[in-house]
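Please keep the structure open as you read.

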Amino acid sequence: MSARPAPATVVAAALLTAFTEAGVRELVVAPGSRSQALALVAAELERAGRARLRVRLDERDAAFLALGLAKESGRPAVVITTSGTAVANLHPAVLEARHSGVPLIVLTADRPASLRGIGSNQTTDHLGVLGGSVVRGFDVGAPTGEPGEAEAARALAAEVVAASAAGPVHLNVAFTEPLSSAWRIDDEAPPPAGSPTDAPAVSLDAAPAGIELAPGPRTAVIAGSGAGERAEAVARELGAVLFAEATSGARFGPQLVVPYRAVIRDEAFLDGLERLLVFGHPTLSREAPWLVERAASAGAEVIVVRSPGVDDYNPGHAVTAFVDAVRVLGTPDDRAARSWTGPWVSASRAFLATSDDVPSDVHATPRAKERHELAALRTGVSRRALVDAVWRATWPHDRLVVAASRLVRELDRVVPGKRIPVHANRGLAGIDGTISTAVGVALAQQDDLARQDVLAGEAPPPGAGGITRLLVGDLAFLHDVGGLAFGEGETRPRILVVVGNDRGGTIFDELEVAEAGPAGYDRVMLTPQTASIEGLARAYGWDYRRVEQLGDLAPALSACAGPTVVEVPLAR
Ligand SMILES: Cc1ncc(C[n+]2csc(CCOP(=O)(O)OP(=O)(O)O)c2C)c(N)n1
Ligand SMILES: [Mg+2]
């Protein structure tokens, strides 16, 4: 290497240090030659305690890991890759980030423009690959060592971080030989005081100006994925009923109505409804979009509270108003509010009381009850019992991640109110990248670096002592099995990957097509599988537990010393 630093490294250092100064803490690298300057600078930033670095072989996993880190931390996370198909592997996570408004920054290394379109090795149109899926794309020519390149790179990094407030951003940088040179952070000026922790984080739920609403009209609030606690507060302040999906982060409080599907179909409810508010992205029922259309056609006000960066939720184009935020003025009249919400909240309590797995007549005598309970503990685990146990085991300092599966629908149907943080990739509801996303959530939750005090003066994050649980089906588990891999020497978080193994995609069994039972249904829809979940877990160095009896489930879900797969066989 020459004594003069390579222009590639000068620009890589300027970009990445500027990212950290703008609030980025998490860097994820997948290996490659063209991206070496970026990767080596990232390693040096980690060594100096200026960022956390995770390394993943598979770019799809790297990108979903960054997605999970960004979702949980609310800060942009950066994923760094080389050129060619590596960039295409980022696409699923970029799409999910686009449709759920997550600040994901993808930084791809490229050959210079002069080598594109002439059959050069590993060269394609990177901006074209991700172009339709990012909120901004930047294409930067190869650094040549001209004065001012580092300053321009720093300004660009700040622009990229700002743009990521609305969703995924692509920064494509060309590099020519020499592709890197040695670089130590000590060569640079020290970071500005307080940086990077004092830098503004990009907030996923920034509260821009919105409308003011008064209690009075009989109101229902629907909370979809990403709605967050604000939806519950607004429902309470308005004296409204709250229909909160299990992945909304708003499924709690006195206004909550768990069996919301049935209530939405109830004529008495529909006749009474005067105003409907929607927070987040409802995806788990047909009833929510149906209600939007029905309420609007019956003359009710339908207000959607926008989520930054994502398409406005507008089933049947029926929504009457879109707003950025809601502020409630005044307090509801207690009697009027109770007469509106009372019947539905009572119906919810009755539903929860009777929807227990244990039939009520077994409580007849203590002996009978005891016998029944013993028998129940020895029975296999039902889907219902599994989702219930995972929900019960999770507390506010924990995190729950839920995959796209029949299990998330079961969870949404039955679990009671509980104020716990839940994540799910409901932007596009893919079964890809689920393990990687959950590992990202766990790492951000447990934030070891903050506890080691490397980033001076920072208090441990709220979830520091908790466990992340992922509830996932067998096919989604197999789809992202590579997500079980950790980079060498990296932090292994407390994460339980709970696999409901019904040996195929039984979500499709709930469709009309399954009832007809056409020839070939199992082969092409259910897609049966018999892989060894234990073998895969152990191959990646994870602990493994298998739970066959209900009585063993709760203990298996409460203990977690490190990455653990819990397999729960389920009947189809
Ligand atoms: C990337 C992607 N491919 C396909 C689908 C369609 N899909 C939705 S759920 C599912 C099967 C899930 O099976 P499993 O994970 O075993 O969960 P189960 O429904 O059996 O509980 C499939 C293939 C999808 N959502 N995303
Ligand atoms: Mg399955």
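Two strands pair if DSSP finds at least two bridges between them; helices (H or I, at least four residues) and strands (E, at least two) are DSSP runs, numbered from the N terminus. This is a predicted model, in which local features need pLDDT of at least 70, side-chain atom pairs count only at pLDDT 80 or more, and totals for chains, interfaces and linings use all residues. Residues are numbered from 1 along each chain as its sequence is written, and ligands are numbered from 1 in the order in which they are written.

Six strands form an open sheet in the order 15-14-16-17-19-18, with parallel pairing. Strand 15 (422-423) and strand 18 (543-546) are at the edges with a single partner strand each, so one side of each has no neighbour in the sheet. Six bridges join strand 16 (residues 468-473) to strand 17 (residues 495-501) in the parallel sense, and Leu-470 has Val-497 of strand 17 as its bridge partner.

Now for ligand 1. Its shell holds 16 residues (a heavy atom within 4 Å), and Ser-405, Asp-474, Ala-476, Gly-504 and Thr-506 come nearest. Helix 18 (residues 474-479) gives the most to this shell, with three residues. The polar contacts below are pairs of N or O atoms within 3.5 Å.

| Ligand 1 atom | Polar backbone atom of | Distance |
|---|---|---|
| nitrogen | Ala-429 | 3.0 Å |
| nitrogen | Ile-431 | 3.0 Å |
| oxygen | Thr-506 | 2.9 Å |

Taken alone, ligand 1 exposes 580 Å² (Shrake-Rupley method, 1.4 Å probe), and the protein buries 76% of that.

Technical notes
Heavy atoms only, no water. Polar contact = N/O pair within 3.5 Å; in protein donor to acceptor, adjacent residues only side chain to side chain.
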